[in-house]
Amino acid sequence: MDLVNHLEGRLLFAVPKKGRLLQASLNLLEGADIQFRRENRLDIALVKNLPIALVFLPAADIPTFVGEGRVDLGITGYDQVQEHETGVRELARSRQLNGEAMATSQKPQGCETVMDLGFGHCKLQVQVPAKGQYKETRDLVGKNIGTSFVHLALEHFAKLEAEKEGKEVADMDKSKLKTKIIELSGSVEAACALGVADGIVDLVESGETMKAAGLMAIDTVVESSAILIRSKAPSNPDMVELIASRIRGVITAQRYVLCQYNIKRSQLDQAKTITPGKRAPTVTSLEEEGWVAVSAMVEKKKIAPVMDDLTKVGATDILVLDIHNSRASS
Ligand SMILES: Nc1ncnc2c1ncn2[C@@H]1O[C@H](COP(=O)(O)OP(=O)(O)OP(=O)(O)O)[C@@H](O)[C@H]1O
Ligand SMILES: O=P(O)(O)OC[C@H]1O[C@H](OP(=O)(O)OP(=O)(O)O)[C@H](O)[C@@H]1O
């Protein structure tokens, strides 16, 4: 089947085709009941139960497709959005400086963040050899920096150079920085040991890659997690809202549990402060005089101390239930 000719009328939704964000993104789609079958080696999949087509793209390219309005929705890292937008700003600025006008049709619309997806947490950090001479980022001004995030790295060092020279960063000509940013597409951590760079700007989560390469972090450029982004002029805003609401429901279900317990009405006010719920707890009377049953959503990571506190104020029969899916306010 020629999939490209079946895209008419479908909302285009970009999903990372590989890497760290792929599996969690697929889990989200499954939770949101977005059903599709991806043919071997095909980067487009038609959704069976909704007028949507999934487009599998590298996470780094998704902000470009969404920002230019070619794709309506996308999942990518906040770091990638920042990198893309910094590059777009820089290009516009250098064109302006050179007196080159950009046609309206060439101007990217940019993308909007719909929500944080709660996975893919990492930091883009400046790293140097742990046993080397560089102790802070300022020491790297004028040196070689290896990175896949060239725009963010350039901006970071432009700020440092501006500070050093007592200038405004807006007045810095980024093509004339003393610091040399070397673009690398992967295995950035090898650059120092191989003599390509004095320092790198790369992602860190557990820190194991950095440690194994004998590096240490001396500065943070951006803190990131996976986000859902939308174009500023989506082809079908109602469908964007439907998908966003389903995904929000899945995330809420993953983040919360339902806590139910019985308590004397006289203790209810205290218990409510322990389990205020997302909006308010549900309280129902029990057949037994003076007792109520309470049910409230509680953040999964807080449930153990919440149960301890409920026990202290006299709650009994405390049950904690997983939430399979939800549709609630954010
Ligand atoms: N170690 C990590 N832990 C958590 N999230 C990460 C980690 N590394 C990367 N990410 C997130 O995943 C996004 C994609 O990175 P990833 O390394 O998976 O890319 P990729 O598409 O496989 O490209 P590459 O071929 O450059 O590795 C990053 O922009 C970041 O938001
Ligand atoms: O702090 P850590 O938990 O070790 O994670 C950090 C590593 O993860 C990412 O790379 P990835 O493993 O996705 O592969 P890549 O080098 O091909 O991008 C990132 O570029 C770091 O190298």
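Me: What makes β4 and strand β11 (residues 226-231) a pair?

Reply: Two strands pair if DSSP finds at least two bridges between them. β4 and β11 run antiparallel and are joined by 5 bridges, so they pair. Within β11, leucine 228 is the bridge partner of isoleucine 75. The elements are DSSP runs numbered from the N terminus (helices H or I, at least four residues; strands E, at least two). This is a predicted model, in which local features need pLDDT of at least 70 and side-chain atom pairs count only at pLDDT 80 or more, while totals for chains, interfaces and linings use all residues. Residues are numbered from 1 along each chain as its sequence is written, and chains are lettered from A and ligands numbered from 1 in the order in which they are written.

Me: Which way does strand β1 (residues 11-16) run relative to β4, and how many bridges join them?

Reply: β1 and β4 run parallel and are joined by 2 bridges. Phenylalanine 13 has leucine 73 of β4 as its bridge partner.

Me: Why is β4 (residues 73-77) called mostly covered?

Reply: A residue is buried if 20 or more other C-beta atoms, placed from the backbone, lie within 10 Å of its own, exposed if 12 or fewer, and partly exposed in between. In β4, 5 of its 5 residues are buried. Leu73, Ile75 and Gly77 lie on one side and Gly74 and Thr76 on the other, and all are buried.

Me: Why is glycine 207 called partly exposed?

Reply: Glycine 207 has 14 other C-beta atoms within 10 Å, so it is partly exposed. The residue sits in the loop between β9 (199-204) and α5 (208-212). From cysteine 122 it is 85 residues away in sequence and 9.6 Å away in space, C-alpha to C-alpha.

Me: What makes the largest nonpolar core a core, and which residues have the most contacts inside it?

Reply: Such a core is a set of buried Ala, Val, Leu, Ile, Met, Phe, Trp, Tyr and Cys residues joined through C-beta atoms within 7 Å. The largest has 36 residues, and Phe13, Ala14, Val55 and Leu228 have the most contacts inside it. A second, separate core has 25 residues, including Phe149 and Cys192.

Me: How do you know that ligand 1 lies between domains?

Reply: Domain 1 (3-119 + 226-235) and domain 2 (122-224) both give residues to the shell around ligand 1, so it lies between them. The bounds come from an automatic or database domain assignment. In all, 16 residues surround ligand 1 (C-beta atom, placed from the backbone, within 6 Å). Among the closest are Arg20 and Glu205.
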